[in-house]
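Dear colleague,

Below is the structure I promised to pass on to you, and after it come my notes on what was found. Please read them with the model open beside you.

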Number of protein chains: 2
Amino acid sequence: MNTTPRNTPAAADAARLAAPFADLNIADGIERLNALDPAQAAATVQALPWPRVVDMFDRSELQHASAIAALLPGDVAGRLLDDMADDRAADVFLELDEDTRANLVGHLGAGTLASIRTLMRYPAGTAGSLMTTEFVSVPAHWTVAQTLAHIRQVERSRETVYAIYVLDARTRALLRMVSLRRLISGDPDASILDVAQETPPVTVAPLLDQEDIARLIRRHDLLAIPVVDDAGHVLGIVTVDDIIDTMIDETTEDVQKFGGMAALEKPYMQIGFGRMIHKRAGWLCVLFLGEMLTASAMQHYEVELAQAVVLTLFIPLIMSSGGNSGSQATSLLIRGLALHEVRLRDWWRVALRELPTGLLLGAMLGTIAIARISLWQLAGFYDYGPHWMLLAATVAAALVGIVTFGSLSGSMLPFLMQRLGFDPASASAPFVATLVDVTGLVIYFSIASMILGGTLL
Amino acid sequence: MNTTPRNTPAAADAARLAAPFADLNIADGIERLNALDPAQAAATVQALPWPRVVDMFDRSELQHASAIAALLPGDVAGRLLDDMADDRAADVFLELDEDTRANLVGHLGAGTLASIRTLMRYPAGTAGSLMTTEFVSVPAHWTVAQTLAHIRQVERSRETVYAIYVLDARTRALLRMVSLRRLISGDPDASILDVAQETPPVTVAPLLDQEDIARLIRRHDLLAIPVVDDAGHVLGIVTVDDIIDTMIDETTEDVQKFGGMAALEKPYMQIGFGRMIHKRAGWLCVLFLGEMLTASAMQHYEVELAQAVVLTLFIPLIMSSGGNSGSQATSLLIRGLALHEVRLRDWWRVALRELPTGLLLGAMLGTIAIARISLWQLAGFYDYGPHWMLLAATVAAALVGIVTFGSLSGSMLPFLMQRLGFDPASASAPFVATLVDVTGLVIYFSIASMILGGTLL
C-alpha cells in the first residue's frame with residue numbers, strides 16, 4: 001500500500017490521509033482513528049502501511065473495528081482478518097451483520113474460518129472465547145535447533161512465541177512447556193524436553209471463567225496459559241494482555257455493582273441516555289421498594305412516634321450508622337472472597353470477628369452520641385425534655401445494636417451471595433444499607449420501648 | 001544441596017523436610033512454605049534444591065520472606081539475595097532489622113548491594129521502587145548474532161530478556177527496543193537496529209506513580225517498560241507481572257475506600273483486631289459526626305414534626321433514595337476518572353447528563369411513592385389523614401428533588417476530590433450518603449412547607 005505511485009490524485013489523497021499517522025505509535029494511531037467516522041477511517045486504513053493497519057486492528061482499543069471492516073472492499077477486509085490475531089478476528093467477525101459476514105466468508109482463508117468457528121463455540125468470558133489458537137507447539141522428539149528454526153518460520157504474532165508447548169508425538173497431548181528464554185540459551189542439539197520445565201504446565205479447561213484464569217496467571221506468574229480439552233490437546237492459549245483487559249473490566253463492573261447499579265458495558269460518556277437510565281433505574285426501584293418497608297415499620301410505631309417526637313430526631317443518624325458499618329464490612333469481604341483470601345467455609349470465623357468489631361465500633365459511636373446529647377442539653381442548645389438521660393441511653397444502646405447488626409449482616413451478605421451462586425460483588429453498599437435500615441428501625445424502637453417505657457412512652 | 005550424601009542423620013532430616021515439596025509447582029510450594037513458622041521454613045529452605053528456593057523467594061506471594069532469610073546462616077542468606085531478582089532482594093532486605101542487615105551486608109555481592117542502594121532511593125509506589133535493574137541492553141553497533149550470544153550468557157531471570165534495549169554506543173542513552181521474538185527471527189549478521197522497532201520506546205520517569213505505569217503498559221500492550229532518567233539512561237524496567245500485583249492491590253484499596261474505610265494493608269484474616277478497628281473507626285466516626293447534622297436539621301423542623309408526625313414516616317425512604325442515587329453516580333465517575341474515560345475538564349458535561357438522569361429517576365420513584373400511598377389509603381391499610389393526596393405530592397416532589405441532588409452531588413464529588421489532589425476513590429458511598437442525607441432533610445421539609453402550608457402545617 002505504501003508503494004502506490006505518488007503522481008495520481010488517488011495517491012495524493014492517500015498520502016494526505018496517511019500523513020498524520022507517520023510519527024504516531026500504535027496506541028496514538030488508534031486514538032486518532034477512533035476520532036474519525038467509520039467511512040473516513042476505512043479510507044485512511046487503505047492509505048496506511050499494511051503492517052500498521054494489522055497492528056491497530058489487533059488491539060481491542062480500536063473502536064468501530066467491525067464498522068470499518070464492513071466498509072472495506074471484501075478482499076481487503078478478508079486479508080485483514082486473515083492477518084489479524086485470530087481471537088481479535090473472531091471478535092470483529094462476530095460483530096458484523098449477517099449480510100456482511102456472508103460476503104466476507106468467501107474472502108477468508110481456511111485457517112481463519114476454522115479458528116473463528118472454534119472460538120464461536122464458547123460462551124463469552126470463558127477461556128475458550130478469550131484464547132488465541134495461534135500458539136507454537138512442537139513434538140517431544142524435536143531438538144532445540146529444530147524448534148528454533150520452526151519458530152523463525154512461523155513467527156506470526158507477538159503474543160504467541162514466548163511459551164512453546166511440547167506435545168506427545170503420537171497422541172499430541174500436552175507434555176511440557178518451554179520458555180523462549182530457556183530455548184535460546186539451550187544447547188542446539190539437546191532434546192526439547194531437556195530444556196523444558198520439570199513439572200507439567202498449569203492448564204485450564206475451555207469453559208473456565210476469566211476471573212479464575214486471571215487468578216491462575218497471577219498465581220503462577222505466567223505470560224500465557226494453555227487451554228486444553230479432556231484428552232490433553234491444546235486448543236489455544238490465553239495471554240496476559242487479554243487478562244489485564246479482563247481484570248480492568250471486572251473491576252469496573254464490581255465497583256459499579258457495589259455502587260448499586262447494573263454494570264455499564266461502555267464508558268460513561270459513550271453510553272446512550274436511555275441505556276444509562278435503564279441500568280440505573282432497575283436497582284434504584286428495587287431498593288426503593290425494599291426501603292418502603294421502613295415506612296411500614298414507622299407506621300407500626302406511630303403511637304410511640306406521636307408520644308415522643310424527640311425520638312424521630314435521631315432516626316437518620318442511627319440508620320445511616322448501621323448502613324455505613326455494613327458497607328465497610330461488605331467491601332472488605334467482597335475483596336476477601338474475590339482474592340480467595342477468605343473462603344466460603346470461613347464464614348463463621350468472619351462472623352466471630354465481626355461481632356466484637358461491631359460491638360466496639362457501636363460503643364464508640366454510642367459514646368459520641370451521649371456526649372453530643374449531654375452537651376446540647378447542658379449547654380442549652382436544645383431541650384430534649386426531662387428524660388434526656390434516658391433518651392441518650394436509648395440512642396447509645398440502639399447504636400451498639402445497629403452497628404453490630406450492620407457489621408454482621410454486611411459481612412455475611414457476600415458469603416450468602418456466593419453460596420447462592422451470585423457474584424459476591426452483587427452485595428452492594430445500597431443493598432446493605434437498605435437491609436440494615438429496616439432492621440435498624442425495629443431495633444431502635446424496641447430499645448426505646450424498653451428504656452423509655454413508663455416515662456416518655 | 002540436593003547432592004548431600006543420604007546416609008547422615010542431617011541428610012535424612014533434610015530429605016524428610018524436602019519430600020513434601022518434590023511434586024509441587026512453585027505456587028503450591030510457596031503456599032506450603034507459608035503454612036510453616038519461619039524457623040521450620042528456614043530449615044526446609046536449606047533442604048530444598050537451590051534453584052527452587054530462589055524461585056520461591058522471587059515471588060511476592062512468599063510471606064515472611066525476610067523473617068526466614070534472617071534465620072538462615074549469613075552466607076546462605078547472602079547467596080539467596082544475590083541470586084534473587086534484585087527488586088525482590090531489595091524488598092526482603094529492607095524488611096530486615098538493622099542488626100541483621102549489618103551482618104548480611106558482608107555476604108552480599110557488589111552488584112546486589114548497588115541495586116539495593118539504587119532501589120532504596122525511590123519512594124514506594126513509584127517506577128523507581130518497582131523496577132528491576134536486571135535488564136538486557138546492547139550498544140547500537142552490535143549485530144543480531146552478538147546480541148543473541150550476549151543473552152545466552154547473561155540469561156539470569158525470567159522477567160528480563162523478552163525486551164532488549166539498544167543504547168547509543170557513546171552516550172549510553174536509550175535508542176530503540178527489540179523484542180526477543182524479532183531478534184530470533186532476524187538475520188544473524190544484520191545490525192541490531194535493523195530488527196528494532198521503528199519508533200522510540202515508550203518510557204517512564206523514575207518517580208512516575210504505579211497507576212500511571214499500569215495505564216501505559218496496558219495502553220501499549222507491553223511486557224515491560226523502561227525507566228529512564230533525564231539523560232535518557234535506562235535505570236531499570238518495570239515488568240507486567242509487578243504491575244498486575246499493583247493493579248490488584250489498587251482495586252482492593254479502591255473498593256475498601258468506596259466502602260467507607262481506610263484501606264487495609266493485609267488480607268482480612270491476617271490483620272490484627274486493633275488494626276482493623278483503627279482502620280474502620282476513623283471514617284465511621286467522621287461520618288457519624290457529619291450525620292449528626294441530620295439531628296440538627298430535624299431539631300430545626302421540630303414544630304413541623306410535632307404538627308405532622310405522618311411526615312416522619314417517609315424520612316428513611318426519601319433519605320436512602322438520595323443516598324442510593326448518589327452512590328450510583330459516584331461509582332460511575334470514580335471508574336470513569338480512574339480509566340481516563342472522563343477528564344477533569346468534562347465535569348460540566350457530566351453535570352448536564354446527571355441533571356436529566358436524576359430528574360427522570362426521581363420521577364420514577366415519585367410515581368411509585370404516589371401509587372404506594374394511594375393504594376394504602378384507598379385500600380384502608382393505613383390512614384394518612386384527610387390531606388393524603390397533598391402528602392403523596394410532597395413525598396413525590398421531594399423524591400424528584402433529592403434524587404436529582406444525589407445524582408448531581410454524587411457525580412461531582414469525585415471531580416472535586418481529584419481537583420483537590422485526592423484520589424477520586426475517596427468519595428465513598430457512605431460519604432455521599434451522608435452528604436445527601438442532610439440536604440435531603442432540608443429539601444423534604446422545604447417542599448412540605450410549600451405544599452402542606454395552611455393544611456397539615
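I begin in chain B, where D13(B) forms a salt bridge with R16(B), the closest N and O atoms being 3.4 Å apart; a salt bridge here is a side-chain nitrogen of Lys or Arg within 4 Å of a carboxyl oxygen of Asp or Glu. Before going further, please keep in mind that this is a predicted model, in which local features need pLDDT of at least 70 and side-chain atom pairs count only at pLDDT 80 or more, while totals for chains, interfaces and linings use all residues. Residues are numbered from 1 along each chain as its sequence is written, chains are lettered from A and ligands numbered from 1 in the order in which they are written, and side-chain values use heavy atoms, with hydrogens and water left out.

D13(B) is partly exposed because its relative accessible area is 40%, whereas R16(B), at 54%, counts as exposed; buried means under 20% relative accessible area, exposed over 50%, and partly exposed in between (1.4 Å probe, protein chains only). Elsewhere, salt bridges that share partners join D28(A), E31(A) and R219(B) into one network.

How many salt bridges does a search of the whole structure find? Over all chains, the search gives 14. One of them joins the side chains of D212(A) and R215(A), with an N to O distance of 2.4 Å. Both D212(A) and R215(A) lie in helix α14 (residues 210-219) of chain A, 3 residues apart, which is about one turn of the helix. D212(A) counts as partly exposed because its relative accessibility is 28%, while R215(A), at 18%, counts as buried. D346(A) also forms a salt bridge, with R349(A), and their closest N and O atoms are 3.3 Å apart. In this pair D346(A) counts as buried, at 11% relative accessibility, and R349(A) as partly exposed, at 41%.

Two surface patches may also interest you. Patches are made of residues with over 30% relative accessible area and no salt bridge, where like charges are joined within 9 Å and nonpolar side chains (Val, Leu, Ile, Met, Phe, Trp, Tyr) within 5 Å. The nonpolar one consists of W347(A), W348(A) and L352(A), which together have about 360 Å² of accessible area, as given by the Shrake-Rupley method with a 1.4 Å probe, where only the protein chains shown count as cover for residues. Of its members, L352(A) lies in helix α19 (residues 347-379) of chain A and counts as exposed, at 55% relative accessibility. The negative patch is formed by D209(B), E211(B), D249(B) and E253(B), with Asp and Glu counted as negative and the place of a charge taken as CG of Asp or CD of Glu. E253(B) lies in helix α15 (residues 240-258) of chain B and is partly exposed, at 32% relative accessibility.

Finally, on the layout of chain A, the domain assignment gives domain 1 (9-120), domain 2 (136-247) and domain 3 (273-452), the bounds coming from an automatic or database domain assignment. The centres of domain 1 and domain 2 of chain A, taken over C-alpha atoms, are separated by 29 Å.

Definitions and conventions
Helices (H or I, at least four residues) and strands (E, at least two) are DSSP runs, numbered from the N terminus.
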